[in-house]
Amino acid sequence: MENTTKKAAPAVLWVPSSYLAMGFVLCSLTLSNTYVFKNLGLPNGTITMLAAILTLPYVFKFLWAPLLELYKTKKFFVVLMQLGAAACMALAGLALRLPAWLAVSFGAMMICSFMGATIDIGTDGVYVTTLDDKQKARWAGIQSMAWTGGQLMAQGALVWLAGKLHDDYGYTWKIAWMYVFLAAACILAGLAAWHGAFMPPGSKAKEAPKSMGEAMAGFAHAYKTFFQKKLIWRMLALAFFYRFGWYLIEKVNNLFLITEAAKGGLGLSNKAAAAISGGWGAASFLAASVVGGLVLAKIGLSRKTLMLYVGVLVIPNLAFLGLASSAAAPGNFWLIAAVYCIAMFAYGFGAVAHMYYMMKQISPGPYQTAHYAFATGTMGLCNFLTGFFSGKIEEALGYQTFFTVVLFLTIPGLLAAWFAPFVHSMGEETKAGT
């Protein structure tokens, strides 16, 4: 790997902004859009299905990741895709005024999702090939904070702005969201211009393919060796089921916040829901991610601690069931905010061990980057499948019964953690017991 650190702009000029852009695009497509579709009158089953489909490029991004090594620079792809995503956001917004608004707008969002996944690949590539190990460690926390900043903008500020335009200025939901999409496009175009000026080009890894044929051959061998790993299916069961319960409620919970109380929801306005989910909730998730990492570093990863972390993910299900069951909850901003923060803190804390297990147990070997991508792709596949059906299930059952059923569907994650193999030594961490 070439050492480009001396030639690169200071990391402060591109690391925070690039990871903010990553979080902004993903959360705009997969979380904020649930508000868009709900405000525009689509049923919950259709909303979660569409939001799930928009995650597919992120699930399968490893398929074209090697191709970014063949042409131009990683920076080139990041800037190009950010400009393309900006154009798609603008098109998605302008299309809301068309008779066939859903088909055109969703098509633009789908292209934007592909571009967003490519932004992820290129940004991570610049990061790992530009910074040395000490710098990577120094900026690891900033990555997470910046990504969450993108979520705050997408699920907080933009959703709040749509509510403001509708509630206070009298715009229809279509016009309000059109302006919000155009604002999102301007943000992405500005980030593209910034990164064009300050992001380093990134360098090619030593193992980078030199031709399309070599890239495909390398991918095929990485795929084959992945499934030859010892006890890989039990590992993949954990990768898939760890967040099974959470992913079932992830897209439904936004709809739950703004559904009328008469229909079993909490009856909040867009502005109130944005403050809770995109503000307080996102901050709680970020704080929990930091705390969860510090605790895991202290106690180590073992079967017992893995069970502890996955067990914490039951709390969000209990929290939303409590809100759905409480007669005092609808319209009660501070009660909803407090419970929502508890749910997001539990999710942020519990999710830490999931990523660490995949990194330490599934990924090791000569194709560590590719195998980690396969593992996270398995996790993403769970997100897609659960999201695809969760809205339909909620429509059939109602919110309270839905959250009750999902509570029992956390059991597969607990079983997967109990039977998860530890085939690679965790060093000092094994002292906690396996």
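The legends below accompany an overall view and several close-up views of a predicted model of one protein.

Figure 1. Along the principal axes, the C-alpha atoms fill a box of roughly 60 × 50 × 35 Å. Of the 434 residues, 55% count as buried, and the protein exposes about 17800 Å², of which carbon and sulfur atoms supply 70%. When contacts with a separation of 6 or more are considered, 84% of them are accounted for by residues 24 or more positions apart.

**Figure 2. The largest nonpolar core of the protein has 132 residues.** Which residues have the most contacts inside this core? They are Trp177, Leu257, Leu306, Phe320, Tyr357, Ile362 and Phe403. Helix H14, which spans residues 333-362, gives the largest share of the core, with 15 residues. As a general background to such a view, nonpolar side chains tend to be buried together in soluble globular proteins.

**Figure 3. Trp177 is shown with the residues that it touches beyond its neighbours in sequence.** Once residues up to four places away in sequence are not counted, Trp177 touches Ser32, Tyr35, Val36 and Asn39, together with Leu96, Leu158, Val159, Ala162 and Asn270.

**Figure 4. Asn33 sits in helix H1, which covers residues 15-39.** Asn33 has a relative accessible area of 3%, and because buried means under 20%, Asn33 is buried. With its neighbours within four places in sequence left aside, Asn33 is in contact with Ser28, Leu54, Met109 and Phe181. Leu50 is 17 residues from Asn33 along the chain, and the C-alpha atoms of these two residues are separated by 9.0 Å.

**Figure 5. Ile249 belongs to helix H10, made up of residues 244-258.** Is Ile249 buried or exposed? Its relative accessibility is 0%, so Ile249 counts as buried. Apart from neighbours within four places in sequence, the contacts of Ile249 are Pro316, Asn317, Phe320, Phe402, Phe403 and Val406. Among these, Phe402 lies 153 residues from Ile249 along the chain, and yet the C-alpha atoms of the two are separated by 8.9 Å.

**Figure 6. Ala324 is part of helix H13, which runs over residues 314-325.** The relative accessibility of Ala324 is 16%, which means that Ala324 counts as buried. If neighbours within four places in sequence are left aside, Ala324 is in contact with Phe256, Tyr399, Gln400 and Phe403. The C-alpha atoms of Ala324 and Tyr169 are separated by 31 Å, and these two residues are 155 residues apart along the chain.

**Figure 7. Leu231 is placed in the loop between helix H8 and helix H9.** Helix H8 covers residues 212-226 and helix H9 covers residues 232-241. Although Leu231 is not a glycine, it has a positive phi of about 55 degrees. The relative accessibility of Leu231 is 35%, and therefore this residue counts as partly exposed.

Methods. Residues are numbered from 1 along each chain as its sequence is written. This is a predicted model: local features need pLDDT of at least 70, side-chain atom pairs count only at pLDDT 80 or more; totals for chains, interfaces and linings use all residues. Side-chain values use heavy atoms; hydrogens and water are left out. Helices (H or I, at least four residues) and strands (E, at least two) are DSSP runs, numbered from the N terminus. Buried means under 20% relative accessible area, exposed over 50%, partly exposed in between (1.4 Å probe, protein chains only). Contact means heavy atoms within 4.5 Å. Accessible areas come from the Shrake-Rupley method with a 1.4 Å probe; for residues, only the protein chains shown count as cover. A nonpolar core is a set of buried Ala, Val, Leu, Ile, Met, Phe, Trp, Tyr and Cys residues joined through side-chain atoms within 4.5 Å.
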